[in-house]
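This report describes a single protein chain for a reader who has the coordinates at hand.

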Amino acid sequence: MFGSKSQLVEEVANTSFAGISTLGGGYQAATAIAALFFIFILVRHFDLFRYLIISSFSKQSNRSDIHIYSSELKNIELTTSLMGVMLLSLLVMRLSVFDITKTFFASLHPLSVWKIGGVSLVAILATMFGERLMLYVVGAVSGRNDACNTIWHIKLLHFSLIIILLSPLLILVLLTEGVVARLALYTSIAVCSLTLILFVKETFLLFRAQRFSIFHWFLYLCALEFFPLSLLLAPIVRG
């Protein structure tokens with residue numbers, strides 16, 4: 001009811017965060033390119049990915065046997081990492097307008113979705129570069145360059161594995177709405193959690209094989225895995 005004391009409240013409409021339809025054709029084109037890139041990589045390196053998946057569930061580290069695919073490793077690590085960074089940046093853009101996650105990105109809402117994607121892209125690349133630099137420094141100081149290079153190699157392989165396993169689900173999250181998108185997102189979280197557990201197991205087996213103590217393994221996880229991840233998630237949690 002309107003009365004003498006009634007006031008008109010200005011409605012604040014944030015059309016930039018109304019839904020997936022506001023992301024534009026560039027977003028959909030980038031997602032389509034990522035999907036085609038995924039199909040190309042999977043077909044080209046199918047045997048390698050199948051080996052990685054099977055060996056990840058082994059009780060012992062089988063990475064010493066990976067030399068049979070050594071000619072593919074540099075290509076697969078580079079191409080899959082680039083695709084992964086691209087997909088993760090698009091995912092941040094999508095989650096910023098996703099109905100069940102956009103509240104976590106409240107602190108970033110003053111930015112356009114493309115600026116959010118750009119910031120996430122730079123943050124992911126900076127994190128990867130920082131981790132590689134820290135491993136290089138630790139290897140140089142401790143004289144264990146081989147072990148540090150192997151750790152980085154395992155990290156890239158598992159990142160590639162995560163991206164290949166999650167790509168179909170992430171593409172569904174990027175391009176769909178409603179129940180399908182939610183189910184794909186929840187499944188992605190479950191698959192990612194399982195793969196991260198396998199990665200932690202792999203690093204533990206490596207540290208044990210290199211005769212490092214459990215303390216050094218735990219220190220590595222805190223310094224090079226949990227700490228960078230906390231830096232990436234901190235703005236979202238505060239939002």
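How does the lining of the largest pocket divide by class into nonpolar, polar and charged residues? The lining has 38 nonpolar, six polar and three charged residues, where Ala, Val, Leu, Ile, Met, Phe, Trp, Tyr, Cys and Pro count as nonpolar, Asp, Glu, Lys and Arg as charged, and the others, Gly among them, as polar.

The model is predicted, with local features requiring pLDDT of at least 70 and side-chain atom pairs counted only at pLDDT 80 or more, while totals for chains, interfaces and linings use all residues. Residues are numbered from 1 along each chain as its sequence is written, and side-chain values use heavy atoms, with hydrogens and water left out.

## Pockets

A pocket is defined on a 1 Å grid over the protein atoms alone, as an open set of points where a 1.4 Å probe fits, with protein on both sides within 12 Å along at least five of seven lines; lining residues have an atom within 4 Å of a point. Grid points are joined across faces, edges and corners, and a volume is the space filled by probe spheres set on the points.

The largest pocket has a volume of about 1700 Å³. Its lining comprises 47 residues, of which Leu 88, Cys 192, Leu 229, Leu 232 and Leu 233 are the closest to the centre. At least two lining residues come from each of helix 3, helix 4, helix 5, helix 6 and helix 7, and helix 7 gives the most, with 11 residues. Cys 192 is partly exposed, at 24% relative accessibility (buried means under 20% relative accessible area, exposed over 50%, partly exposed in between, with a 1.4 Å probe and protein chains only).

The second largest pocket holds about 300 Å³ of space. Of its 15 lining residues, Val 138, Phe 207, His 216, Leu 219 and Tyr 220 are the closest to its centre. Helix 4, helix 5 and helix 7 each supply at least two residues of this lining, and the most again come from helix 7, with five residues. By class, the lining of the second largest pocket consists of 12 nonpolar, two polar and one charged residues.

## Fold and packing

The protein contains seven helices and zero strands, taken as DSSP runs numbered from the N terminus (helices: H or I, at least four residues; strands: E, at least two). Of its 239 residues, 39% count as buried. Among contacts with a separation of 6 or more, 74% are between residues 24 or more positions apart, a contact being heavy atoms within 4.5 Å.

Phe 38 is buried, at 11% relative accessibility. Not counting residues up to four places away in sequence, Phe 38 touches Met 83, Ile 164, Ser 167 and Pro 168. The C-alpha atoms of Phe 38 and Ile 163 lie 8.8 Å from each other, although these residues are 125 apart along the chain.

## Salt bridges and cysteines

How many salt bridges does the rule give? The count comes to three, a salt bridge being a side-chain nitrogen of Lys or Arg within 4 Å of a carboxyl oxygen of Asp or Glu.

| Salt bridge | N to O distance |
|---|---|
| Arg 94 and Glu 177 | 3.3 Å |
| Lys 155 and Glu 131 | 3.2 Å |
| Lys 155 and Glu 225 | 2.7 Å |

Arg 94 and Glu 177 form a salt bridge. Glu 177 lies in the loop between helix 5 (145-175) and helix 6 (178-209) and Arg 94 in helix 3 (residues 70-95), so the pair ties together parts that are 83 residues apart in sequence. Glu 177 is partly exposed, with a relative accessible area of 43%, whereas Arg 94 is buried, at 0% relative accessibility.

Lys 155 and Glu 131 also form a salt bridge. Lys 155 is in helix 5 and Glu 131 in helix 4 (residues 113-142), and this pair links distant parts of the chain, 24 residues apart. Lys 155 has a relative accessible area of 17% and is buried; Glu 131 is buried as well, at 8% relative accessibility.

Lys 155 has a further salt-bridge partner in Glu 225. Because Lys 155 lies in helix 5 and Glu 225 in helix 7 (residues 214-238), this pair ties together parts that are 70 residues apart in sequence. Both Lys 155 and Glu 225 are buried. Through shared partners, salt bridges join Glu 131, Lys 155 and Glu 225 into one network.

The structure holds zero disulfides, a disulfide being a pair of cysteine sulfur atoms within 2.5 Å. Cys 222 is partly exposed, at 30% relative accessibility.
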